[in-house]
Amino acid sequence: FIAHLGAYILESLTEIDDGTALTYSGDLADAGAQQQFALDATEGDVVTIALYGANLGFTIQSPDDDYLLFEGVYNDPFVQLFQFPIAGTYTLTIITSEPDGTELEFFIYRHDPIRVTSNESLSGELEENLPVVFALESAASKMWDINAILPLNGERYMTVHQFGDREFWETRIAEDGG
C-alpha cells in the first residue's frame, strides 16, 4: 500500500460579484492530495456543485461531522442539486487520484428556488450548465402534471427532487430527458 501524509490549509472560497457563486482555482500535487474548505450554510440552502479537473472526488461533512455526500472519483464531477440539511459550517474536501496531480476549478452555485403556484405558468432564462430550481409544497398522494418547454439546442432534462430526511442518492424521485 501507499500511505499519503500531508498538512493542509483550510482554503477560502471566493464569492463571485453577483453573490450567486463561490469559486476556487488551484492545484492538487499528486495522487492522494486534497484540499479542504469550510462553508457556512443555512438550513435548506440549495446548491449546484461543479468541479473541473482529472480524477477528482469530493465529500461534504455536516457541522456535526457526519458524511453527507461522496462524489467521484472521475473527471469533472458534478452534483446537480444538493440541499444543506442544517445551519452551520460544513467541511468540503476535494481529493485526486491522478498520479501527477491536477489543476482544479471548483464552483458552488447558490440557488434561490422560484416558488410555484398551482395552474400558473412561469417563464425565465436558463444559465448555461445550471438548472433553474422551482419549489412547491404538495400533500401526500396529490397528483401533479409538470411540463417544461426548453430550447432545442441544449440538454432537455428535468428532475423532481424531494429533500428532507432522505439520503442524497434518494432525493431524485423522478426525471425526464427529452
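Residues are termed buried under 20% relative accessible area, exposed over 50%, and partly exposed in between (1.4 Å probe, protein chains only). The structure is a predicted model, in which local features need pLDDT of at least 70 and side-chain atom pairs count only at pLDDT 80 or more, while totals for chains, interfaces and linings use all residues. Residues are numbered from 1 along each chain as its sequence is written, and side-chain values use heavy atoms, with hydrogens and water left out.

**View 1. Nonpolar surface patch including Ile114.** Ile114, Leu122, Leu126, Val132 and Phe134 make a nonpolar surface patch of about 420 Å² (patch residues have over 30% relative accessible area and no salt bridge; nonpolar side chains are joined within 5 Å, like charges within 9 Å; areas follow the Shrake-Rupley method with a 1.4 Å probe). Ile114 lies in strand 11 (residues 114-115), strands being DSSP runs of E with at least two residues. Ile114 counts as partly exposed because its relative accessibility is 36%.

**View 2. Salt bridge between Arg110 and Asp45.** The two side chains meet at 3.9 Å, N to O (a salt bridge is a side-chain nitrogen of Lys or Arg within 4 Å of a carboxyl oxygen of Asp or Glu). Arg110 is partly exposed at 33% relative accessibility, as is Asp45 at 23%.

**View 3. Salt bridge between Arg172 and Glu175.** The N to O distance for this pair is 3.6 Å. Arg172 has a relative accessible area of 36% and is therefore partly exposed. A search of the whole structure gives two salt bridges.

Terms used:
Helices (H or I, at least four residues) and strands (E, at least two) are DSSP runs, numbered from the N terminus.
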